[in-house]
Amino acid sequence: MAVEEKRAWIMIVVTVLSYGAYLAVVLGRSGSGPLPQQPYAAALLWTVGAAIAASIALHITVSLLSPEEGRVKDQRDREIHRFGDHIGQSFVVIGAVTGLVLAMAEADQFWIANAIYLGFVLSALLASTAKIASYRLGFHPW
């Protein structure tokens, strides 16, 4: 398995776990009142920060444990990486547009922040899934 494919798997696992932890914390507090009135900013910042730190640590570990020839990126790896990132960017745009629409509709900050965060999460998941599919099913540039 190529190092880049391992990195895509790491991104999926870290993204799912960190977003799941965020939802557990925020939804766990919802019993005491309306959801938008619950504190969410600290949980969001901590889970994003922990996800970044875990991702970096796992990427370094995978790179160190991979054989030397497995660490070399060839043209195919670069094209798959670019392809996956381009695919994933669509959800960044969707999340940003959703945040803008919610802001113009004067929605609560809770919903705006969570729409943007969900856009980032879906972007990471889609990009990583596209990369893994390209490695597993074959990559054929347009």
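Predicted model: local features only at pLDDT ≥ 70, side-chain atom pairs only at ≥ 80, totals over all residues.
User: How should I check the length of a helix, and what span should α3 have?

Analyst: Counting 1.5 Å a residue, the 30 residues of α3 should span 44 Å, and the C-alpha atoms at its ends are 44 Å apart, which agrees. The buried residues of α3 are Asp 77, Ile 80, Gly 84, Gly 88, Gly 95 and Gly 99, and what covers them includes α1 (3-28) and α4.

User: How do I read salt bridges, and how many does a search of the whole structure find?

Analyst: Side chains of opposite charge can pair when their charged atoms come close. A search of the whole structure finds three salt bridges. In one of them the side chains of Glu 4 and Arg 7 meet at 3.3 Å, N to O, and because these residues are three apart in helix α1, they are separated by about one helical turn. Glu 4 counts as buried at 10% relative accessibility, whereas Arg 7 is partly exposed at 27%.

User: Which salt bridge links Arg 136, and to which residue?

Analyst: The side chain of Arg 136 meets that of Glu 5 at 2.5 Å, N to O, and this pair links distant parts of the chain, with Arg 136 in helix α4 and Glu 5 in helix α1, 131 residues apart. Arg 136 counts as exposed at 51% relative accessibility, while Glu 5 counts as buried at 5%.

User: Where do Asp 85 and Lys 131 lie?

Analyst: Their side chains meet in a salt bridge of 3.2 Å, N to O; Asp 85 lies in helix α3 and Lys 131 in helix α4, so the pair ties together parts that are 46 residues apart in sequence. Asp 85 counts as partly exposed at 28% relative accessibility, and Lys 131 is buried at 12%.

User: How many aromatic pairs does the search find?

Analyst: The search of the whole structure finds five aromatic pairs. In the pair of Tyr 19 and Tyr 117, the ring centres are 5.2 Å apart and the planes stand at 70°, so the pair is edge-to-face, given that planes over 60 degrees apart count as such. Tyr 19 lies in helix α1 and Tyr 117 in helix α4, so this pair ties together parts 98 residues apart in sequence. Tyr 19 counts as buried at 15% relative accessibility, and Tyr 117 is buried at 8%.

Technical notes
Residues numbered from 1 in each chain as written. Heavy atoms only, no water. Helix = DSSP H or I, 4+ residues; strand = E, 2+ residues; numbered from the N terminus. Expected span 1.5 Å × (residues − 1). Buried < 20%, exposed > 50% of the residue type's maximum accessible area, 1.4 Å probe, protein only. Contact = heavy atoms within 4.5 Å. Phe/Tyr/Trp six-rings, centres within 6.5 Å; stacked < 30°, edge-to-face > 60°. Salt bridge = Lys/Arg side-chain N within 4 Å of Asp/Glu carboxyl O.
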